[in-house]
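Colleague: Can you walk me through this one? I have the sequence and the structure to look at.

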Amino acid sequence: MGEVRKRLPLQCPACDSPLRVGRLFCEQCDTEVCGNFELPLLARLTEKEQLFIVDFIKSSGSLKDMAKNMGVSYPTVRNILDDLIDKLNKIE
Amino acid sequence: MKRQWLNFLINPFEWIAGFQALGWGLLGMVVSTVISYLSGWHYHGLLHFGPAPNPAWWCYAVEHLVVWMVPATLFYLGGLILSRSRIRVIDVLGTVAFAQIPFIFMNLFNMLPPMQNLAKVDMNVPPTELLAQPGFLVGVWLSLIGVIFLVWVLVWMFKALKVSCNLKGYSLGILYCVAVFGGDILCRYLIGLCY
């Protein structure tokens, strides 16, 4: 049995509201921090969107290179990026 | 693999745009112009086709150029106004040219003898006489099959606008209708100057 890869839930399963951080702990010494923290901006994106941003940085911000690596057209990559910018603006 | 091909047939612009699309689109346009010249079927507009009084080769070339450039220009101008993305003219020209490749198949249908006969049919006779003319019904059925390729072109043009200008919702629908139906009227006027 392989280890189950858990994804960070971003929305409340009951009411779809964005989730916040309530508890953090240290794996080494079991120290716990409780509170009410907001997730960082990029952590509030989906896994696919986060991967896109990582690829974007790795390609030095070249959409042409990204399109080549992803095997899609230039406007397709630009549209994903523009939609992501819109989403980030809305979250902010 | 099969699914990817199906996706490509529905929206090729996810994978192809810019100069690559323009190259294939222009090649398709040349082939389409030659077939139209051989069959004698003219483009009267973006959505209207049939015989015309000018048989010169350049007339067919101009028709194809107009049918490509008019909607592409309207897409680009509309995109500049409505889109929040920085759109590239090469993407609009390329995707629209590529979207018109299925016209080749429609033009091939127009080369078939029943379609050639249909062009010669006198449409000013009563319906009963019209139906009695040889090959009329076959020609009508073949025309309907040809419409499938026209619909294919229109679907690809919709996808071309969506991808090249990054539009969604009402702005996409409205601009598309204005560019296609308004473009058809403009094309008919411009092409009419050749006759």
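Colleague: Which residues of chain A does UniProt list for "domain: DUF2089"?
Modeller: The unreviewed UniProt entry lists residues 12-40 and 45-89 of chain A. UniProt positions are given in the numbering used here, feature names are shortened, and annotations may be inferred rather than shown by experiment. This is a predicted model, where local features need pLDDT of at least 70, side-chain atom pairs count only at pLDDT 80 or more, and totals for chains, interfaces and linings use all residues. Residues are numbered from 1 along each chain as its sequence is written, while chains are lettered from A and ligands numbered from 1 in the order in which they are written.

Colleague: How much helix and strand is there over residues 12-40 of chain A?
Modeller: That stretch is 38% strand and 0% helix, with its end C-alpha atoms 17 Å apart. Residues 45-89 of chain A are 80% helix and 0% strand, and the end C-alpha atoms there lie 12 Å apart. Helices (H or I, at least four residues) and strands (E, at least two) are DSSP runs, numbered from the N terminus.

Colleague: What pattern does chain A follow along the sequence?
Modeller: The order is β-β-α-α-α, from 2 strands and 3 helices.

Colleague: What is the radius of gyration of chain A?
Modeller: Chain A has 17 Å, whereas a compact globule of 92 residues would be near 12 Å. The radius is taken over C-alpha atoms, and the globule rule is 2.2 Å times the number of residues to the power 0.38. Along the principal axes, the C-alpha atoms of chain A fill a box of roughly 45 × 35 × 25 Å.

Colleague: Now the pair. How many residues of chain A are in contact with chain B?
Modeller: 8 residues of chain A are in contact with 12 residues of chain B (C-beta atoms, placed from the backbone, within 7 Å). The predictor gives the complex an ipTM of 0.83 and a pTM of 0.87.

Colleague: Which element of chain B has the lowest mean pLDDT?
Modeller: Helix α7 (residues 127-132) of chain B, at 76; helix α4 (residues 89-99) of chain B has the highest, 97. pLDDT is the predictor's confidence in each residue, from 0 to 100. Chain B averages 91, and 100% of its residues score at least 70.

Colleague: Which parts of chain B carry the annotation "transmembrane region"?
Modeller: The unreviewed UniProt entry gives several spans, including 132-158 and 170-191. Residues 132-158 of chain B are 89% helix, with end C-alpha atoms 39 Å apart. Residues 170-191 of chain B are 100% helix, and their end C-alpha atoms are 30 Å apart.

Terms used:
Two residues are in contact if their C-beta atoms, placed from the backbone, lie within 7 Å.
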